[in-house]
Amino acid sequence: MPPRRSSIPLAPASTAPGESAGAAFARRGAKPAKAVKSAKAAARTKRTPAPRAGQDGASRASHPLIDGYLEYLLIERGLAENTLAAYAADLSDFAGFLAQGGIDLEAATEQTLFLYIVDLRRRGLTSRTLSRHLSALRGLFAHGVAEGQLAVDPLRYLENPKLPRTLPDVLTRDEMAAVLARPDLSDRLGFRDRTMLELLYASGLRVSELCGLRPLDFDPMTGLVRVFGKGSKERIVPVHDTAAKLLAAYIRDWRPAFRPVQDALFLNRSGKGLTRQAVWKVVKRHVAEAGIRKDISPHTFRHSFATHLLDGGADLRTVQMLLGHADIAATEIYTHVQADRLRQVHRSHHPRSRS
């Protein structure tokens, strides 16, 4: 019988305070090797919790096993650059921890990992962030064992922390209508913003998917949008007539006014593709102008899209396909959103609930 898995501490220790990856990058004008380098560069600038005292940047250390694993994730698994950057940041942080203690990665044991987890907790990381770090490490060690570079996986008996189920914020239909009505359709920026917001709500795109769209990804004859999701997985998403008309008009009449220098669908004043941060600012601005005080992000449009579809009678499997979820368990969260809303309505309106 295998040993029982050890539990990861959820509180600080009391003693301390479709398309291949290569093809996808080639289509976007980047090479896999460059993508790995850019992921590592992003990891160096990625905001992380305060470094350990005396480490002096050692948390950005690297290791041949880590470099090989990142290349495997890009070339064979086809992970997106943003995901690679997150993995690179987490794994280099672990390499820095090992370097500070004078431990070789190949010699890391279960006790080493346990101490690293305690160290992460001391730095104030949440259970969700800790779980992300462990996910990166599990992949690294499993890959090292499979490739014969490591003799044993030190994480095989350590469990992930249990994460609380959090319900996503959504906009009501009236709130969504108020936000969509804010952009001024008489100028190029306003028309771009309205088209972008309509598309987010009409298709449930992730913000990275929105930023990755090209004009030819939209077919005005069918009203379908080709989307490249996580891992360069392609899916086709329909949009409603209002969004389709706005997209067609934007591409035909308004996008040329930005004097494009890149092939992105949505452009900034300089004719370059919008970044995720720029989309976030656009959403925040129009939500604030609509007088909505909720903490809204572009992902809220995705949550609202799924919730409103289910409210309207769509089945869970269809919503899963539209969102591009690999596992239907990720889509089931929206059924809990519905149940929570039903309870609130029941409490507010049932005569016995108000007595």
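A charge is taken to sit over a ring if NZ of Lys or CZ of Arg is within 6 Å of the ring centre and within 35 degrees of the ring normal. In the predicted model described here, Arg188 lies over the face of Phe258, at 4.8 Å from the ring centre.

The protein comprises 15 helices and three strands, and buried residues account for 44% of its 355 residues. The three strands are arranged as an open, antiparallel sheet in the order β1-β2-β3. Within this sheet, β1 (218-219) and β3 (234-238) each have a single partner strand and stand at the edges, so one side of each is left without a neighbour. Strand β2 (residues 224-228) pairs with β1 over two bridges in the antiparallel sense, and Leu224 of β2 is the bridge partner of Asp219.

Among the helices, α12 (residues 298-311) has 14 residues that should span 20 Å at 1.5 Å a residue, which agrees with the 20 Å between its end C-alpha atoms. This helix is mostly covered, with eleven of its 14 residues buried; among them are Phe301, Arg302, His303, Phe305 and His308. Gly313, which follows α12, has a positive phi, near 110°.

A search of the whole structure finds seven aromatic pairs. One of these is the stacked pair of Tyr69 and Tyr72, with 6.1 Å from centre to centre and 25° between the planes. Both residues belong to helix α3 (residues 64-75), where they are three residues apart, about one turn of the helix. Tyr69 counts as buried because its relative accessibility is 4%, whereas Tyr72, with a relative accessible area of 23%, is partly exposed. The rings of Phe191 and Trp254 are also stacked, since their centres are 5.2 Å apart and their planes lie at 15°. This pair links distant parts of the chain, as Phe191 lies in helix α8 (residues 188-203) and Trp254 in helix α10, 63 residues apart. Phe191 is buried at 9% relative accessibility, while Trp254 is partly exposed at 23%. Elsewhere, Phe94, Phe97, Tyr116 and Phe141 form one aromatic cluster.

The backbone at Arg259 was also examined. Arg259 is located in the loop between α10 (241-254) and α11 (276-289), and its phi is near 50°, a positive value in a residue other than glycine. Most residues other than glycine have a negative phi. Arg259 is exposed, because its relative accessible area of 70% lies over the 50% cut-off.

Notes. Residues numbered from 1 in each chain as written. Predicted model: local features only at pLDDT ≥ 70, side-chain atom pairs only at ≥ 80, totals over all residues. Heavy atoms only, no water. Helix = DSSP H or I, 4+ residues; strand = E, 2+ residues; numbered from the N terminus. Buried < 20%, exposed > 50% of the residue type's maximum accessible area, 1.4 Å probe, protein only. Pairing = 2+ DSSP bridges. Expected span 1.5 Å × (residues − 1). Phe/Tyr/Trp six-rings, centres within 6.5 Å; stacked < 30°, edge-to-face > 60°.
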